[in-house]
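The following paragraphs lead the reader through selected features of one protein model. Please keep the sequence and the structure in view while reading.

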Amino acid sequence: MTGLIAFREIVLKVHSRCDLACDHCYVYEHADQSWRARPKVISPEVISRTASRLAEHARDHALPSVTVILHGGEPLLAGTARLRLVCEEFSRALTGIAALDLRIHTNGLQLSTRYLDLFAEFGVRVGISLDGDRAANDRHRRFADGRTSHPLVLAAVSLLRSAPYRHLYQGLLCTVDVANDPVAVLDALVELDPPRVDFLLPHATWETPPARPDDAPDAYARWLLRIFDHWERLGRPVPVRLFESLLSTLRGGPSLTESLGLAPTDLVVVETDGTLEQVDSLKSAFEGAAATGFNVFDHAFDQVAAHPGVRARQLGLAGVSDSCRRCPVVRSCGGGLYTHRYRERNGFDNPSVYCTDLRELVDGVEGRTARRETAPQLSDPAELARSQEELTRILLARLNADLAGDPDWAHAWELVAAVERTGGAGADALDAVLDHPFTRTWVLAALDAAREGRRGGAEAARRLTALAAAAVLRGGLDLPAEVAYRDGEVYLPTLGLLRLGEPGTQGRASLRVTDEGYVVRDGRSEHRFGPAAGDARWQPVRTWSPGPDAAPVALEDLDPYRNCFPRPPRLRLGAGETEEWRGRLDRAWALLHKAVPGFARTAAAGLTTLTPLAGGPRAGGWGEAGRSGPGALGVPYAAGVRETALALLTGRRRTRLRALTEVTDLYALDGEWQHPSPWRSRPVPVSRLLADVHERVAVEAYRRATAGPEPGGSDRIHEALDRLSAAAELTVTGKRLVAELRYELKAVDA
């Protein structure tokens, strides 16, 4: 069957009875009472058949690993012999097919060294249910005669924490009760030093709503936020899955728990009689809510995966109610646990019965952590630059791993390493060459070639030797710098183009530094080149300064990797053309500083390279960002002063946003969600809408200062900002960027 989401987690009910009488238990105290008709303990036949079905499923879907959770009732009541059989059968069936992650979830009352020795043998990790201190735990987790279970659970945890078994300790699961003291609950759990704590909202539906002692619609949120605040004060002493899931989704990452987020379910339940069911919590909704009609003897797991009830919990955004789809926190809360949405008149097509709680909880966690969770690259240009530099080096290291077996590449890599080992001026020179924007372009192209199986080692090695040689020359190093040239020339990144022969020729030449410049030796001939040599065979990279205090910007019309913009670059400009372009750039820059000084200063920050592009300005006059490092910008050579100014402004906005998206998460990429755009006829993804707004705020400021506002321009930007503010895909960093754009627009409107 196509389009199925494979099950990676199996809940295996090994015993259907329990030795506690918890009054909040979804198995025994809620709507579905099917446990009464099931065998108390799982049979060997069900164990064997389930293991075979899981192995078949893992093989068919090429799953690298599967998780089997032994559950109940109380699973320890099955006894060590039956649990050993489970471990042996599943280990045997999965050997050579997928890694097996065995776990057990227990109330701990029966836990002893007999069980733990068995679990140590098979690597079974143990999770224990505990609702906090004695007062909290005894509110619900009691024996049928009312006796406390708390001392026995503490003894079980103490045994589990002891030296021989500590590695099996998986964590503690606590069911929330707002009548308990949240601070005391967390302190009691933390005192037991669990590897992880999880908090579970009590199962409830719109038909059987949760208890709210003060009738407050956000009572559970307020309780959990008090836990969160205390957790923060303690320095986050243990991982709390609920909170870490929220922090993950707010950063644009995945949900870490089924009860939150939009990740599709990949879990199936096997009852003691071999019946295959959906997630267990559905038993809280109505009799038969979890049923599928399948069993392990007659049906494969794929048939369960195709069940409409299972597929309904795999639809992501499309699987939540209409009001949830419009909610800005839906990525984090996911509409709540599927069970908690149930209402008799329309099934599960509702927000969670905890909707208000979930909204307050997500907003509360975000409000408390947004400043710390916001990526520093957003507000600190130096941090953004450092992150981009690190990204280039990561990509270069990946390319080295791909080409390490190529002898030409290995030789060139050793020269780069030798330059770096010199430290001081040599390391600084190497940094300057690596940080050249088109170094990134070259690395990405070489990675593409390696990934596609094209022969790119020799070409990549030529560029790397030229890069190393440029660093040797820039740093004035006494190191051998040999370059390979093709078609009679070699480009030395950041320095210029050296012609070594006629077109069509190729070979090698060595370079070195002298007091008067650079010397190249090709065969028996040797000649000087460089800034003071006056050699016609040497074409240096020209520069332009955007201001008296600004660093010079390279006018890059030589680098063969400058062909990375949407339109082609100009060939080498003549001397007169260069002076004409410099003058046009000077006037355009002066216009920007006069019209929009704040935007102009931002545009100047980090600009290192301008490439003249063929043709005149396109409609709107946008500048062009390429597949390069963030300092490069392509500008139409034939554009007038006003168009050049606008191209500089918009192009720099584009490169800044692209640089941010390369090193930070501004929005999640796990859905094809579309948003109406004031400027486009069709809905667009949040990335496009954000890019449009990011550019148009600056354009609106420029037009107001130079030609008057565009009719309705500001209104359309406000409309788009409102849509972005409601977009669930935005991370905390993305939301902070939208807030910055609002602030910029407010200044424009003033």
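With which residue does R84 form a salt bridge? The partner is E88, and the closest N and O atoms are 3.7 Å apart. A salt bridge here is a side-chain nitrogen of Lys or Arg within 4 Å of a carboxyl oxygen of Asp or Glu. The model is predicted, so local features need pLDDT of at least 70 and side-chain atom pairs count only at pLDDT 80 or more, while totals for chains, interfaces and linings use all residues. Residues are numbered from 1 along each chain as its sequence is written, and side-chain values use heavy atoms, with hydrogens and water left out.

R84 and E88 are 4 residues apart in helix α2 (residues 79-94), and therefore separated by about one helical turn. Helices (H or I, at least four residues) and strands (E, at least two) are DSSP runs, numbered from the N terminus. R84 is partly exposed, with a relative accessible area of 30%, and E88 is partly exposed at 37%. In these terms, buried means under 20% relative accessible area, exposed means over 50%, and partly exposed lies in between, for a 1.4 Å probe and protein chains only.

Helix α1 (residues 44-60) holds another such pair, R53 and E56, which lie 3 residues apart and so are separated by about one helical turn. Their side chains meet in a salt bridge of 3.5 Å, N to O. R53 is buried, with a relative accessible area of 9%, whereas E56 is partly exposed at 27%.

A further salt bridge, of 3.1 Å from N to O, joins the side chains of E459 and R486. This pair links distant parts of the chain, 27 residues apart: E459 belongs to helix α18 (residues 457-475) and R486 to strand β10 (residues 481-486). E459 is partly exposed at 27% relative accessibility, and R486 is partly exposed at 43%. Salt bridges also link K13, R38, E271, D273, E277, D280 and K283 in a network. The whole structure contains 57 salt bridges.

Attention now turns to D101, in strand β3 (residues 99-106). D101 counts as buried, at 19% relative accessibility. Leaving aside neighbours within four places in sequence, D101 is in contact (heavy atoms within 4.5 Å) with V66, T67, V68 and R125. The side chains of D101 and R125 are joined by a polar contact of 3.0 Å. A polar contact is a pair of N or O atoms within 3.5 Å; within protein, one must be able to donate a hydrogen and the other to accept it, and residues adjacent in sequence count only if both atoms are side-chain atoms.

On a 1 Å grid over the protein atoms alone, a cavity is a set of points where a 1.4 Å probe fits but cannot get out, and a pocket is an open set with protein on both sides within 12 Å along at least five of seven lines; lining residues have an atom within 4 Å of a point. Grid points are joined across faces, edges and corners, and a volume is the space filled by probe spheres set on the points. The second largest pocket has a volume of about 1,200 Å³. Its lining comprises 49 residues, of which A605, G606, T608, G631 and R652 are the closest to the centre. Among the elements that each supply at least two lining residues of this pocket are α14 (381-403), α20 (597-604) and α21 (641-663).
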